[in-house]
Amino acid sequence: VGVTSAQDIEEATKWMKQMVQEDECVMPLGMTAICVKPLKVPRSDLVRIGKATRKDPAVTLHTTMEQLRSDSDADALVAPDKNDWVQLPAQIIIGNGISWALSIALPLFEEKGRLTYIKPTPQKELTSLLNGFPPVVGIEVKDDVAAIESTAPQLGIGTVYLNRFVELETLMAMCGWLHHSRSRFAVSYIVLGTPLNRLSSTVDQRWWRPFDTMPEALRALLLFDVKWLHVISRVLVVCLREEVI
């Protein structure tokens, strides 16, 4: 965000639509897997980002309560204990994780252990790309969509309204899911017959790095999350189809 040229964004938009069409030719599902990696910051940081100008676009963020309490910035010290926290969509990745994936990362930079957000100038091409997303499927995707739509204007992205979305939990319920646990481990073990160690891919507060600058291991984990959603959603739809027919 704020770095990629308008021409490159337009090419990425065309490429995404082509890849979605190819996935639909293989299995017409009408939805594409999406994974949003959040960055937790106090609401006051989001307000400060919204007030940032082109002359002074840099905003130092607080990712821990200790940073919030020790910071000398008066704007950030307004009732630290009562300052509610919000989720910024630090990394958005859509695709199947097998043959293609499109990653969108916020302009975040780290210096001396602190993250800085550089508020970009709005690009209509980026807004069109996000608004042109196909219907998406994911775990708790409703919260992800809400996070993107509610923070995009203040982040300097513009007004974003994503297309329709489907909760993976809804698909599970429609297929007759009777188990109390809906964790990724349980879903993966029961639906696919393979265990999934989710603890190995937590990487707290580190998903903000652009995809091409991530260590190879983190890139593999991110692609696996999308691939897992892609495979699980399609298996569930096949199960649902068999139940209906």
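These questions and answers cover helices, a hairpin, nonpolar cores and cysteines in a predicted model.

Q: How far apart are the end C-alpha atoms of helix H1 (residues 6-26)?
A: H1 has 21 residues. At 1.5 Å a residue, the helix should span 30 Å.

Q: What arc around the axis do the buried residues of H1 cover?
A: The buried residues of H1 are Ile-9, Ala-12, Thr-13, Met-16, Met-19, Val-20 and Asp-23. They lie on the same side of H1, because the arc they cover is only 135°.

Q: Which exposed residues does H1 carry on the face turned away from its buried side?
A: An α-helix has 3.6 residues a turn, so residues three or four places apart point the same way. On H1, the face turned away from the buried side has its own set of exposed residues. These are Gln-7, Lys-14, Gln-21 and Cys-25.

Q: Is Cys-35 buried or exposed?
A: Buried means under 20% relative accessible area, and exposed means over 50%. Cys-25, at 68%, therefore counts as exposed. Cys-35 has a relative accessible area of 5%, so Cys-35 is buried.

Q: How many disulfides does the model contain?
A: A disulfide needs a pair of cysteine sulfur atoms within 2.5 Å. By this rule the count is zero.

Q: Which residue in the turn between S5 and S6 has a positive phi?
A: Strand S5 (residues 108-111) runs antiparallel to S6, and four bridges join them. Glu-110 has Leu-115 of S6 as its bridge partner. Two residues lie between the strands of this hairpin. The one with a positive phi, about 55°, is Lys-112.

Q: Which residues have the most contacts inside the largest nonpolar core?
A: This core has 40 residues. H1, S1, H2, S3, S4 (101-105), S6, H4 (124-131) and H5 each supply at least two of its residues. The residues with the most contacts inside the core are Leu-130 and Phe-133.

Q: Which residues does Leu-130 touch, leaving out those up to four places away in sequence?
A: In soluble globular proteins, nonpolar side chains tend to be buried together. Leu-130 touches Ile-92, Ile-104, Ile-157, Val-160 and Leu-162.

Q: How many residues are in the second, separate core?
A: Met-31, Ile-93, Met-172 and Val-187 are among its members. The count for this core is 19 residues.

How values were computed
Residues are numbered from 1 along each chain as its sequence is written. This is a predicted model: local features need pLDDT of at least 70, side-chain atom pairs count only at pLDDT 80 or more; totals for chains, interfaces and linings use all residues. Side-chain values use heavy atoms; hydrogens and water are left out. Two strands pair if DSSP finds at least two bridges between them. The expected span of a helix is 1.5 Å times one less than its number of residues. Buried means under 20% relative accessible area, exposed over 50%, partly exposed in between (1.4 Å probe, protein chains only). The arc is that of the directions from the helix axis to the C-beta atoms. A nonpolar core is a set of buried Ala, Val, Leu, Ile, Met, Phe, Trp, Tyr and Cys residues joined through side-chain atoms within 4.5 Å. Contact means heavy atoms within 4.5 Å.
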